[in-house]
Each structure stands twice: as C-alpha cells, then as structure tokens.
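Here are my notes for your review. Please read them beside the model.

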Amino acid sequence: MKLAASIAACWSRPYPTVTDARVQSPEPANWLQYRGNYAGWGYSPLERTDRRNVGKLQLAWSYTTGQTEGHQAPPIVNGGYMDVATPGSR
C-alpha cells in the first residue's frame, strides 16, 4: 500500500519543462541528455558517492523490460522522472 501511494504521489507531480537553458546548464540531479551535458561528461556532478563509499552502494529498485538485448541508451532523468529507451522501443 505504501508503494502504491508513493508511486501515485510521483505521478501527480508535473513533469518539468525541458528548456534550452536547462539543457545547456542542467541541475546536478538531472540527466537531460546523452552523456549528461554538451561537454559530454558521462559522470554525475553529485558528490554523495565517491571512491571511498562507492563499494557500499546497494540496489534500490529494478525493473524488467522484457528485452533480452542490451540496453544501450542511458536513462534521461528530469525532476524525479526517469525515461529509459529500450531495444525495439518497448
């Protein structure tokens, strides 16, 4: 029941508009394009995970897409929403 309430709360939030300004200078918690930004960083600027504590990370959730091929596109994250492209656009 708590999970359903949590999911409903997430979906009730409006999806933040992606503007040219936000794509050019994304907020640290968002990943609005491939490789993160126009500089092509490929890493997150967030600082809570580093070389000292990365080994302590644990799986928080997972989702099975039903695809057996590899997922080659990175997720897009915007305002707490995550979009994932899958092989075959599923």
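1. Aromatic pairs. Rings of Phe, Tyr and Trp (its six-membered ring) pair if their centres lie within 6.5 Å; planes under 30 degrees apart count as stacked, over 60 as edge-to-face and the rest as tilted. The count by this rule is two aromatic pairs. Tryptophan 41 and tyrosine 43 are stacked, because their ring centres are 5.1 Å apart and their planes are at 5°.

2. Basis. This is a predicted model: local features need pLDDT of at least 70, side-chain atom pairs count only at pLDDT 80 or more, and totals for chains, interfaces and linings use all residues. Residues are numbered from 1 along each chain as its sequence is written, and side-chain values use heavy atoms, with hydrogens and water left out.

3. Buried means under 20% relative accessible area, exposed over 50%, partly exposed in between (1.4 Å probe, protein chains only). Tryptophan 41 is partly exposed at 38%. Tyrosine 43 is partly exposed at 47%.

4. Charge over a ring. Arginine 13 lies over the face of tyrosine 81, 5.6 Å from the ring centre. The rule asks for NZ of Lys or CZ of Arg within 6 Å of the ring centre and within 35 degrees of the ring normal.

5. Histidine 71. What does histidine 71 contact, leaving aside its neighbours within four places in sequence? The partners are Thr65, Val84, Ala85, Thr86 and Pro87, with contact meaning heavy atoms within 4.5 Å. The C-alpha atoms of histidine 71 and proline 87 are separated by 6.4 Å, although the two residues are 16 apart along the chain. Histidine 71 is partly exposed, at 37% relative accessibility.
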